[in-house]
Amino acid sequence: MKITAVLLAAGQGTRMKSELPKVLHPICGRPMALYGLDAARSASTEPPVLVVGVGAEAVRQTLGGVDYVLQEQPLGTGHAVLQAESLLKGKTDYVIVTYADMPLLRGETLQKLVEVQCANSGPMSLLTVVHDNPRGFGRVVRKTDGTVSEIVEEYVARPEQLAIKELNVGAYCFSAEWLWQALHRIPMSKKGEYYLTDTVELAAREHLAVQPIVLEDFVETIGVNTRIHLAEAEAAMRQRINNAHMLNGVTLLDPASTYIEAGISLAADTVIWPNTYLQGQTSIGPGCEIGPNSHIRDSQIGAHCRVFMSVMEGALLENHVEIGPFARLRKGAHLCEHVHMGNFGEVKDSTLGPGTKMGHFSYIGNAHIGAQVNIGAGTITCNFDGEKKNVTEIGAGAFIGSDTMLVAPVSLGEQARTGAGAVVTRDIPAGALAVGVPARVIKPLPGQDKPGH
Ligand code: UD1
Ligand code: MG
């Protein structure tokens, strides 16, 4: 048995007032349509088909590998599904149709919809929800015997129909052969569009069973038409993501102010303090303490780390690393085990070896720093000469005095030391001490008796 999902995304999305196609607006960091596609995949046997129109190229580029069908003019949801006929006719037994602006709809719900339709003698099943706030949804009209007879769009509904609290969610499962012929029989609406919802009346008139499934969870039905709905969907998705992490053993002190995007991995016994943002491709190991007031994007954090009021992007922390308050790690920052980085530091494209300490006010860029190095307050790698970035090398066990300027390219050997305020323009051999501006070696290694370069 073949089941194919068709997602509609060709509407103009006028109410969003945006250059960006509606279905590409992000919800918890992901384009909205991806949620619908995931749900569709979990309930179907064939790859999903996305009907695109306005902004089709942008949608294709962003979403990539699905089957696309173009609806050149937005002539209604029924007309949109019809565009998939030539691709799917004879190739699938059931067709799920949903709208790509419903990111909260769960895969399990679509699976249930398919199961119900498979057992239905009639040609279609659909999701409904009962709610006091109709939000502009179509009303589900039932006959006195309880069977569904039609769906009436709000703008044409009569007063008694407007009072109906059972709403059309916008997810359907059709027997494919019936659907293809029915779509050609949909009458044109007052607005000049062909509504998919009119298939309900077509079936009912022929005494074919339309099977409704009443959804319990209203949240699943949030459809995004305006930016107010977008914010509602974002909040609902955030709550769903946060709940899943909490059930997996992560403590969120205040879920309402914890912003974790979709797809972030968090291990058990990690504690997230309020006002923390976890974004992009980020993973955090067990037993960490993150936040408050931290922003972490595309970063990997090992076990038992502490990130306190800090900003990280494209960075890697091994286990037992402590940063903050007010640390900033940029792309390519790699802090090995037991590194301590205190306040007002910045690290970019650099490795800090195991146990290295950088307590206060430093900038480290394009540097390879060995294990157990002490980076004094105010140390700067002067890595940019106006044209290119130059590398600083510091050997294990080195001691960099406060306010040292390391004018790259420059390299300091193991156990090398610099005095406070040194401006290092030339390499310092292992074990030597260099001081002054520009820095010169005053204490060479044992056995080397000539100080200076
Ligand atoms: C639709 C339903 C309504 C339901 C509501 C739930 C119809 C006629 N009405 O109304 O009963 O309660 O959703 O949210 O189906 N689209 C196209 N091509 C078009 C028109 C729309 O692809 O020509 C797509 C849109 O991109 C969108 C979806 O279909 O993803 C729904 O369109 P929208 O305009 O949002 O319909 P609603 O007014 O919300
Ligand atoms: Mg809508």
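Three elements, β1 (3-9), α3 (77-82) and β10 (166-175), each put at least two residues into the lining of the largest pocket. Helices here are DSSP runs of H or I with at least four residues, strands are runs of E with at least two, and both are numbered from the N terminus. This is a predicted model, where local features need pLDDT of at least 70, side-chain atom pairs count only at pLDDT 80 or more, and totals for chains, interfaces and linings use all residues. Residues are numbered from 1 along each chain as its sequence is written, and side-chain values use heavy atoms, leaving out hydrogens and water.

**The largest pocket**
- A pocket is an open set of points on a 1 Å grid over the protein atoms alone, with protein on both sides within 12 Å along at least five of seven lines; lining residues have an atom within 4 Å of a point.
- The space in the largest pocket comes to about 1200 Å³, where volume is the space filled by probe spheres set on the points, joined across faces, edges and corners.
- Its lining has 40 residues, and Arg15, Lys22, Thr77, Asp101 and Asn225 lie nearest the centre.
- β10 gives the most to this lining, with 4 residues.

**The cavity**
- A cavity is a set of grid points where a 1.4 Å probe fits but cannot get out, and the count is 1 cavity of 30 Å³ or more.
- The largest cavity is lined by Gly36, Ala39, Thr98, Tyr99, Met102, Leu105 and Leu110.
- Both α1 (32-43) and β6 give two or more residues to the lining of the largest cavity.

**Nonpolar cores**
- A nonpolar core is a set of buried Ala, Val, Leu, Ile, Met, Phe, Trp, Tyr and Cys residues joined through side-chain atoms within 4.5 Å; buried means under 20% relative accessible area (1.4 Å probe, protein chains only).
- The largest core has 69 residues, and Val6, Leu50 and Val97 have the most contacts inside it.
- Apart from that core lies another, of 61 residues, including Ile27 and Met358.
- Leaving aside residues up to four places away in sequence, Leu50 touches (heavy atoms within 4.5 Å) a set of residues including Leu7, Val59 and Ala100.

**Helix α7**
- Why is α7 (residues 176-183) largely enclosed by the rest of the structure? Because 6 of its 8 residues are buried.
- Those buried residues are Ala176, Trp178, Leu179, Trp180, Ala182 and Leu183.
- They pack against elements including α3, α4 (85-88), β6 (94-99) and β10.

Key:
Chains are lettered from A and ligands numbered from 1 in the order in which they are written. Buried means under 20% relative accessible area, exposed over 50%, partly exposed in between (1.4 Å probe, protein chains only).
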